[in-house]
Each structure stands twice: as structure tokens, then as C-alpha cells.
Amino acid sequence: MIKDITLGQFFPGNTVVHKLDPRMKIILTIAYIVSIFLAKNMWSFIAVVASALLLVIVSKISFKTILKSMKPLIFVLAFTTFFNLFWTTGDVLLISFWKINIYLEGVVFSVMMILRITSLLVGTTVLLTYTTSPIMLTDALERLLSPLRLIKLPVHEFSMMMTIALRFIPTLVEETDKIMSAQKARGADFESGSLMRRAKALIPILIPLFISAFRRADDLATAMECRCYRGGDGRTRMTKLKLALRDFGAIILMAAFITGIVFLNLTPCPISM
Amino acid sequence: MSDTFIKVEKLNFSYTDDDGHDVPVLRDLDLEIEGGSLVAVLGHNGSGKSTLAKLINLILTPTSGKITVDGLDITSSELTEDQLFENRKNVGMVFQNPDNQLVATIVEEDIAFGPENLGVSSDEIRKRVDDALKTVGMTEFARHSPHQLSGGQKQRVAIAGIIAMMPKCIIFDESTAMLDPSGRREVMDTIIRLNREYGITILHITHYMNEAAMCDRVIVLNDGKVELDGKPTEVFSNVKLLESIGLDVPQTVEVLNELKIEGVNIEIDKLSVDECADEIMKLFGENK
Amino acid sequence: MIAVEIKNVSYVYSPDTPFRKVALDDISLKINAGKITGLMGHTGSGKSTLVQLFNGLVRPTEGQVLVGGEDIWEDPKKISRFRFKVGLVFQYPEYQLFEETVRRDIAFGPANMGLSDEEIKRRVLESARFCGISEEMLEKSPFDLSGGQKRRVAIAGIMAMEPEVLVLDEPAAGLDPQGREEILGGIRDYQRKKGNTVIIVSHSMEDMARYSDEIVVMNKAKIFMHGTTAEVFDRAEELSDVGLSVPQITELCNKLRERGLDVPHGIYTVADAKAAIMRLLGGKHD
């Protein structure tokens, strides 16, 4: 059933990672992505992988969840490995048959690529989506981007839209389920026939869904007006975001980490890219 | 009771349908609502009751007529935008569909939405949100997501969102229509408590006569005009008239009325089962 | 005659997860043919799941569902046959309308059955009549109608499939008294003329008293009561134990009986109550 799809997964918790200021988390995530792309040799890669593992442990997200979230990535990983393995040329030929040559450099490159992509995914999901509620994220994004208001970018409107979308996704998913059942009860068949037929069979679901979404939007707009909403100007917020000591600690740690990566890159190492 | 809070004078509202005809919804409506009262507005679909609510909040603009809320003429052409929002702050609205009035993904964030729009300070909002949660009995759900709640609970969150704006009056626009009996009871209990304990003026628009019977005063709208207005017992005694405009009366009143038609000498304005039983037992007491 | 039989059925939502929830717990039930059966119970009692069991939208975790004596899950590939035998009208069915005209929307179900154009036309007209939809309305867009009218169009859409069993989940929810009467009255007329089986889910005791021949009460995933309307409403105390009630008029009769009046049991309409009181008054005069 559609209902089982989890969107914007967030696992509530009370760890240091959960408690970090969401604005800081966005900045840290960007810094972390940069550090992953800075890594060039084996030592620095070990540091990157270790840091990703450490994040998982500290945030108390189960490894099972992490592995599950990797599933959709398998295809991408296989794809990049395939290309790196067969198309990278180098000095040390490992295997050669028919027209295919696999070089040591290709193997090294593939492994590093896999590590890079997985660390990237684990790091960003743990730092952001898994440990930060969607509303905190949009809120933080609005505050971080607020200077852009000076150049007339609708930052507040954008984050309001995000919030409303997040609020209504579960409602609309449930509604889709309901409409689908109702049309099935009238003998609609969504499972058999040609692609064309199946696409046509969606009309009895899509039309009621759109109409309902518009009706909801209309109702919501009226309700928001009644609650004195008039855009972002003059609005205050209930949650005050205040940087705590741990946030400064985290940024110092990140700075040290990046310096470390750069330093490790310069250290002589048998395997490097 | 205190002074008039809402005064409606010669109010007209009509809209233009697809064929270009003017369709009148409210016709020369006159009405006064006292501050601190608990008033039910009854009427069948299309009687104009929801339109009246939207006019008091200026979601709609009247065709002609005057509406004064808390001493402010909101239909004046000189009404400033600040006054308009002041009026919306004073008169909160709770709508029919509980899903379509919650904005945020977390209960307490949603309740904060109104005060945030009013520019209230962070600490004050926090306090108001906690108080509002307590008033509607939803404190334990503060960090929940609205879609995990039942209909009645969602509606209580919507009410909390209005209370947090500290209104003097709340209009419930068929807020119980989509709920199951237990949800309806939850919402009705909250409405009555808001009136009795906090002195908030309540306009409860509904078509459930048993809910109207719990209010101090019942106004029956029909065809854009006030058809009946008075205490619940007075209004529900008009069995024939109510039935002719498509409304029900409580079964207690209905059976007493039937007996009266048969020539039995009996009072019919008994809304509760106990009062009704008393009235019937009187018959047998006298006959014994 | 038994229209639908539920044999030792259990249904569990999200088994093997922390959200596991038993919606139906080993229930057995026989719905009599040619009657209007009311189904009540508060939210979460399992009635919505039960209703979707009748036409095979939900497959029982355990047990059998028999429609007209046939096990509907005997061959899961042929389940759609039973969707036509048991017509299900969901709550707020007006949200499922999608066609350009009312006529075409009502015809959607019959068309899916593969009927001839002539037969479809006949059925559309007939069910429109039962639901109080005028010929003129048939050519309109369903989205131009009022809420009550839309609801009636949606119900007509299921009726036009001419199901042996018609199941309606709160058909009158959210409507004013007149709208309720139009819809429930229309369903009763349809049942009386066609003689088929109708199951109505409702929260309103007064509506139940007025329209149903038999009542099934659900509580905590089990069948709590099943009997004629009079039998069920005669058990006021047990009903109130599970958070339900009896019609106000039955409550009044019970009160009068408590206070010594010889009012008979099983009264659930105003007319019967009046007659009983008049009889007692007459007796006093004799």
C-alpha cells in the first residue's frame, strides 16, 4: 500500500546530533561534503569512512536503517563501479582477456568512489534528515537564507510552501488510497492491460485528487487569513534558535577534520587517486 | 449579561451565479449578540448561516448593511488593514474540515502560527501555546503530527490555535459536522468550557439540534432571515415550523407535541429526557 | 436466506511491525438477505474493515467470506466479480466523482461490468430516479452540484451496478436533517422495491431506529450484539457500557418504566411511544 512509504524520514531522539542547531547542521553538512571530495589518498579515505561510522554511532541510528536506506543506491554504485573498473587505464595491468583490461588504478578508483558515495549519503542523512524534523529544517533554511530577502528573493514564502507541502503529503497520500479503493469498488482495474490502458485507468484517481487538493488549498488559505496571516513581514517565531556551546564545538571539530584530511592527503601513501 | 458584542443591521449578501443571476443569501438581516453569550445558529444547508460567519470575519464583503464588532464598524469604507486584522484577532473562526485548517507538521508549531502572525514575542508565544494546549486538553500531543490525531483531536488543536490569539469571540462554522459522536462530544465540551470559564462569546453554527439545546440562545436562520430566536425551550416548541424548514426537534419535544395534538393537556417545551418524563408522569399523577 | 456470511475472520493491520493492530478478531456473522441491516460501533471498533471485507477490498488474514454461499477468495483472480455483487459506497463518496457529466459518472461502474449501452442507459436512469436525480441534472457536470446532490450521484453510481448487497458507510454524514432524510429515505425505497440486501453504517441511533430492520453492534474488533432493532435497543445498559446509546425516545420509555409506568419494551420510534402512552392514558380513563 502507498501508505507504507515513509517520506522525509525523521527518527526522533535525544543525542548530541539531534540537539545541534539545525542551521549549524546545514553548514556542517556542506562542510562535510566538501571534506569528502577533498580526500585523495587511502589515509584520508579511512578518516572519511571512520567519521561517517562515528556519526551513525553517536546519533544512535540503527545500522539496519542505514543499510535499508542504501538499497536504492545499489544501482548507482554498480553503474559507477562498472565504468571505473573497465574504462580506467593505468600502469599495473591486473586482468586481461578478450578486449577487456582491468588495471589496479581502476580497482582503486572504484573502491574510493563507492566509499565516497556511501559516506556522502550516510553523512548527510544522519546529519540532516534522520535527526532533524522537517519543520526544523525548513525553519533553519529560511533563517540561513534570510539575507537573500534583501535582493527580493521570497525566502519566507518558499519555506511556508515547504511546510505546507510537508503537512499535506500524508493527508493526500491517505486520500489517494481512499479514492483508489472507492474506484476499485466501482470495478476500476489498475493492474492489468497495456501501459496506455493503465495510464487511462489513473484518470478516475487523478481528477478527484486534484479537485480535492484545490478545495483543501482554498480552505487552508481562508483559515490562514482568519489566523491573521499576512506574509513574512512582522512575523515572530515561537522557537528561538540559539547557538549553544556544542554548536561551536561541532564547528571546531569539523574545521579540525578538514585540516586533518588535507594533512593526510599530503602524507606519503602507497595508494592514492 | 454584558453589552452587545456583534451588531448586524440590515445586512444583505448576494452572489452572481454562472448564468449571471443575482442569488440572495442574506436578506435585511438584523441581529445582536451579547458579549459572553453562548449562541447556536441553526439552519439547513443554504440558509445563509455560514455566509453570516464569513461576513463577520470579512472573508466576504456584504452587498449592503452594517456590521459592528466590539464597537468597530467593520463594514465602513474607511476600515484600515490594521483594523481588519484586529477584528480577525478578536473574532476567531474554527471551520468544518479539521484537516484543512492546520498549517504546520507539529501540533504546537501549528498553535503558534496565529500568535506568530500577530508579532507576539517568542516567550509570550511559548506561554500562550502551553496554556492553549492545556485548555483543550491536548498537552500530551504537543509534539505529535496532526495526521496522527483523530478528527475530534484535530479540531481541538484548531481551537487551541485560535485561543492562542486571545480572541473575545469564536465562531464555530459547522465544526462538529464531520466528526463522530465522541469527537462531537469532545468539541462541544471544549466550546462550553471556553464560554463558561473564559467568558468567550461563542457563535456555534450547526445543524444538530441536540448541540443547539446546550446553548443559551438559539437563532434559526431560514432563507437569509431570522426565523426564530430565543431560549432553546422556546425555539424547539415550534415543532411544525422547524419541520417545515427542514430541521429536527428533539424526540422528547416531538412526542409531547404528538400527545398534545391528540388532545392531551401537556406542556411541550421539555428538552431533556428527565424533564419530559416528569411532564408525562404528571398526567398519570393527576389521573390516579 | 443468508446474503453474506463471515466465518471466523480475523484481520491484522501491519503484521510483524510495531504498528501491528488487530482490526477484526475471529468474528462470525450472518447478514440476512432482503433486509436493511444497520452496523454501528465507534471509530476504531473494526466496522470500516468489516465493510471492506464484504466486497473483497480487504482480504482476511484468517477465515472465510461467503457471498451468496460462494467463498469470494476461492480464486483471487476473480475477486472483481464480487465487487459488482457487493456494491460499496464509501464515506463522503462525493469525492470520487470525476466524469464530465453526471450521466457518465453513474455509468462508470456498469461500464466496467462490460454491459451493453442499452442496459447501461436503463440502469443509469433507474438508479438516478431512486436517488432523486432529475433528467436535467444528468447532463450537468457533477462539480456544479450541491454537496447533497453530489452525494446522491455517487450513491446512484453504485446502485447502477445492481449489486445483490448494497453497503453504505455513513451515507448521511455531515448532512442537515432534510439531506439525511432524502438520502436514507431513497435507500429505503430502493430496498423495498428491489428486495435486495442493504447494510448501512451509521453513528445516529435515531437514523438506525428509523431505517434498519436488524442491527449489528461492533466493539473492540468483535461482534458485540446482533439482533432486530427492537432487541438491540432493548439492551440500553450494555450499549452505554461500550460508549453507544439508544434513541432518545427509547431512553424516555425506559425512564417512564423505571418510574412505574407500564410502557412495553422494544419501543424505538416516536409514533410507537405516543401510541403506548395514549393506550395507558385510555386505560386510566376506562
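In this predicted model, 32 residues of chain B are in contact (heavy atoms within 4.5 Å) with 27 residues of chain C. Put together, the two chains bury about 3000 Å², with 64% of that on carbon and sulfur atoms; buried area here is the accessible area (1.4 Å probe) that two parts lose on being put together, summed over both. On the chain B side, the most area goes from Gln251(B), Val273(B) and Phe284(B), together 22% of what that side buries.

As for charges, four salt bridges turn up across the interface of chain B and chain C, the rule being a side-chain nitrogen of Lys or Arg within 4 Å of a carboxyl oxygen of Asp or Glu. Glu262(B) forms a salt bridge with Lys274(C), and their closest N and O atoms sit 3.0 Å apart. Helix H10 (251-261) and helix H11 (273-287) of chain B are the elements that give two or more residues to the side touching chain C, and H11(B) gives the most, with 10 residues.

Residues are numbered from 1 along each chain as its sequence is written, and chains are lettered from A in the order in which they are written. Local features need pLDDT of at least 70, side-chain atom pairs count only at pLDDT 80 or more, totals for chains, interfaces and linings use all residues, and side-chain values use heavy atoms, with hydrogens and water left out.

Methods. Helix = DSSP H or I, 4+ residues; strand = E, 2+ residues; numbered from the N terminus.
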